[in-house]
Amino acid sequence: MILRMPIFSPNPSVTRFRLFAKHTGWGVTLCALLWGAGCASGPAATFEVQRPAKLSVPREVRKIFIRSDFVEAAQDRLGLKAQVLARLAEKLNGLGRFEAQVVDHLDENSLNPEQETVAVIQGEVVSRAELDRGQFTDVATCTGGIGGRLSAIGAAAASKEAITVDSWGGYICRKGNFKSNLTQAAFTQAFALAGLSGAPPKNQVVRTYRYRNLSFFVQATFSVTVIGPQRSTLAIRTDASQFSRRIVNQSSYQNVQEVHNIVVTFLGPVLRASALPTFPNLIRPAALAERSRPREVFYGSASLPDPGWRDLTRSERATVLNGLVEQTILGFVQTISPYRVKVEAALDSGGDAEARALLESGKPLDARRRLETISQEDRSASNWYHLGLSYEAGAVSVEDYEDARRFYIEALNRSSSSRVYAQGVGRIERFLADYRKLRQQMEER
Amino acid sequence: MNSRFVQKIAWISVLLGVVACAPAPLLTMQTPAEIDTSQIQTVAVGRFEVGRVYVVRRAEREGIWEAHEIFFSPEQQDAIARTVRARVVNLLTATPYFRVVFTEEFERLENDAALQELISVQGYTTADVDAVISGKIWLEAERIDGLDLSKEDLEYFNPPRAYRSYGGYREDPGLNLNVQQVVWWPYKSVRGTLGLEIKLTQLTPGRVVASTFATRSYAQRIGGKPASVLDQLTAGLQAGPQLAAGDSGLVLPSLDQLVAELSVSIAARFVKRVSLSERRVPVPLAAGSNATAQLLIEVGAYQLAIEQLQQATANAPDPNDLYNLGVCFEALGDYGLALTSYREAWEKDRENVLFAQGIGRVERIRRELPQLRRQTRSREES
């Protein structure tokens with residue numbers, strides 16, 4: 001351990017930091033505003049559109065049997081097979097193209113391929129979860145004084161940092177990052193202006209804390225085979241989804257070495273008496289943050305355990321697993337069945353306010369009725385755009401989309417530099433291109 | 001730090017914002033297979049055998065390392081192989097170029113030698129299959145629970161203050177010093193390498209059409225001694241894709257995730273060699289006289305942009321508008337009209353690199369077209 005020359009004056013770095021924080025604070029705010037203004041869009045209307053399946057299943061196929069007995073589950077550690085298959089059937093039925101059912105067994109001899117063509121889904125479900133426990137170290141800065149304590153608490157609360165209290169003066173210790181340090185500098189400055197304190201006293205500490213890392217993995221492989229006059233495999237697809245979370249127990253934070261204690265216990269008298277550097281230091285406890293060395297071995301011979309109820313509550317676990325199942329089957333569903341997706345389109349800030357509010361609240365037909373009461377001559381660009389949006393959001397036929405395109409073009413004719421209006425035209429052009437493919441698939445039903 | 005510096009930062013941010021928000025139209029381009037596989041339409045999925053799976057967990061305490069090898073049963077090894085195979089099949093079926101089927105006969109074969117022998121003597125009974133895809137994997141992964149040791153400067157600052165003492169005020173000069181401490185920084189890390197050999201073997205005539213062997217590695221570390229600000233910035237710039245949703249930067253990926261991602265990376269290269277592939281290419285626009293048309297191209301409204309640009313160029317053909325018209329035709333796959341428009345633009349401004357690039361792009365596509373058509377026609381005929 002080497003002690004550097006003590007400086008008996010207020011820390012100049014505090015003043016420099018204040019200046020930096022002042023300028024940087026403005027700079028960051030300015031940049032954030034500019035970025036926000038550049039990329040952000042206003043309120044949006046959300047509506048569903050249908051997209052074609054990525055693969056055309058023959059029109060004769062209406063019934064799909066999901067064969068549970070042909071879905072391998074030896075590596076399904078979380079026991080999700082039944083849930084995955086049930087959700088797959090539910091999803092396919094909900095989209096209307098197929099009648100899907102999960103069966104435990106299917107006697108293919110009982111099928112008459114000459115009379116009815118069916119499809120069979122089989123595959124594999126793999127799922128796993130693991131809990132990885134451990135201990136980490138960090139170095140935290142503790143600040144004292146009224147202003148220093150309050151600003152540390154404020155900054156820690158703003159960036160959800162763990163705080164500890166040092167053993168000597170009750171200073172508030174936090175690790176800090178760019179954002180929270182800026183916040184603390186702003187608080188400190190505000191308190192200094194209010195006359196609460198000058199540069200706050202500081203004491204750095206070495207801390208340890210415990211964490212639990214959870215990870216979940218779900219993978220499903222499905223193939224769809226058409227059994228008709230000819231038997232053929234149409235699609236094979238594997239999709240996986242994963243979720244991970246770190247949980248840090250806030251009460252596990254411990255200060256394991258504090259500078260103040262070293263200074264007071266071992267070196268304080270020497271330092272107070274002399275401004276000279278003192279080295280070497282042969283006092284081992286003052287040189288080693290011994291308690292930052294973990295005693296426990298986290299990777300032993302046993303395999304990593306599954307997360308238990310202490311790590312994730314039953315409802316949280318169900319939410320996570322439902323989300324993973326949903327995400328895992330999505331790719332396969334979209335491969336074989338036409339599917340619906342949510343489209344978000346920006347609303348224009350101008351035009352009839354009530355119509356805009358109706359679009360925003362998901363009532364496109366009411367918005368359409370209201371906008372159509374405005375004569376064509378009196379319709380502003382915004383109103384034409386919102387009329388197009390009302391047709392697109394409430395579309396029931398391809399003619400609605402064609403009308404929407406026409407209205408977007410009207411809006412664009414009145415305000416030719418509007419990206420939002422141009423996006424409307426682009427969206428419809430893409431939809432109409434998809435529509436041809438979709439029509440072919442739906443006619444095959 | 002002065003206000004001029006802050007202004008500079010603000011201007012850089014504005015420029016970055018503009019660059020980040022301005023979309024360049026992305027055109028879908030098809031690339032023919034590097035190897036002629038037009039004779040192969042139906043591919044059976046064969047076995048992906050396991051060469052070696054070596055997964056170990058290591059831990060270090062008091063300078064002593066302990067290693068625990070994780071045992072994988074044959075069934076677990078097969079599951080890993082199936083995960084890799086599934087990713088290869090996914091990519092192979094991403095475009096409808098091959099029809100991929102599972103057959104018990106080829107899947108049951110123990111290894112590649114058995115497959116090659118079966119093909120060489122034509123001993124298979126499965127009909128309507130042109131080729132078999134098979135592979136072999138080697139996997140090594142280790143997870144470490146270790147400790148970094150470093151000297152840290154810890155700060156202590158007690159500001160000067162005045163205090164009352166024996167009837168008067170005295171000055172405490174304060175104290176400002178750094179103390180160096182030796183600190184243990186526990187960390188966890190994962191490192192994995194996947195070697196993957198993929199083979200596409202044609203049945204008649206019996207021959208290996210394409211074969212590849214490649215390795216990919218992945219490494220991630222959490223905890224440990226915090227990197228310096230400069231290191232953090234460098235790491236941020238060099239950061240690869242994250243493997244998991246959620247707290248992926250804070251949690252190490254599981255072995256399944258690792259295998260899945262690494263196999264996709266290798267398989268993508270192989271599939272590009274044997275199958276027609278699609279890629280999205282950003283195409284720059286020219287600053288033409290018709291700003292609305294430019295906007296329409298940026299958002300993918302090519303039909304309306306063509307209408308507007310054809311009107312604009314009918315009377316006074318601006319070379320930039322002609323080039324943008326070419327981009328619209330190219331986006332819709334009308335390469336003849338695209339080339340005509342690019343050439344007209346270039347005739348008017350022969351110094352313009354953008355126009356020449358447009359011609360070059362379309363000429364390359366047209367050169368590849370016969371091969372592409374041959375490859376796609378072989379599918380349509382089937």
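**Entry 1: helix α9 of chain B.** I began with helix α9 (residues 319–331) of chain B, whose 13 residues should span 18 Å at 1.5 Å a residue, and its end C-alpha atoms are 18 Å apart, which agrees. The expected span is 1.5 Å times one less than the number of residues. Helices here are DSSP runs (H or I, at least four residues) and strands are runs of E of at least two, numbered from the N terminus.

Before going on, I noted that this is a predicted model, where local features need pLDDT of at least 70 and side-chain atom pairs count only at pLDDT 80 or more, while totals for chains, interfaces and linings use all residues. Residues are numbered from 1 along each chain as its sequence is written, and chains are lettered from A and ligands numbered from 1 in the order in which they are written.

**Entry 2: is α9(B) buried or exposed?** I looked up how enclosed α9(B) is. I found 12 of its 13 residues buried, so α9(B) is largely enclosed by the rest of the structure. Buried means 20 or more other C-beta atoms within 10 Å of a residue's own, exposed means 12 or fewer, and partly exposed is in between, with C-beta atoms placed from the backbone. Among the buried residues are Leu322(B), Tyr323(B) and Phe329(B). Just after the helix, Gly333(B) takes a positive phi of about 85 degrees.

Entry 3: Next I turned to strand β3 (residues 64–70) of chain B: of its 7 residues, the number buried is 0, so β3(B) lies largely in the open. Strand β2 (residues 42–61) pairs with β3(B) in the antiparallel sense over 7 bridges; pairing needs at least two DSSP bridges. Val56(B) stands opposite Glu69(B). The two strands form a hairpin with 2 residues between them, and Glu62(B) in the turn has a positive phi of about 55 degrees.

**Entry 4: the cores.** Which residues have the most contacts inside the largest nonpolar core? I found Ala119(A), Val43(B) and Val259(B), in a core of 92 residues. Its largest share, 10 residues, comes from helix α6 (residues 255–274) of chain B. A nonpolar core is a set of buried Ala, Val, Leu, Ile, Met, Phe, Trp, Tyr and Cys residues joined through C-beta atoms within 7 Å. A second, separate core of 53 residues includes Ala45(A) and Cys328(B), and Cys328(B) is also one of the buried residues of α9(B).

**Entry 5: domains.** Finally, I checked chain B's domain assignment, which gives domain 1 (28–147 + 187–236 + 247–277) and domain 2 (283–381). Their C-alpha centres lie 40 Å apart. Such bounds come from an automatic or database assignment.
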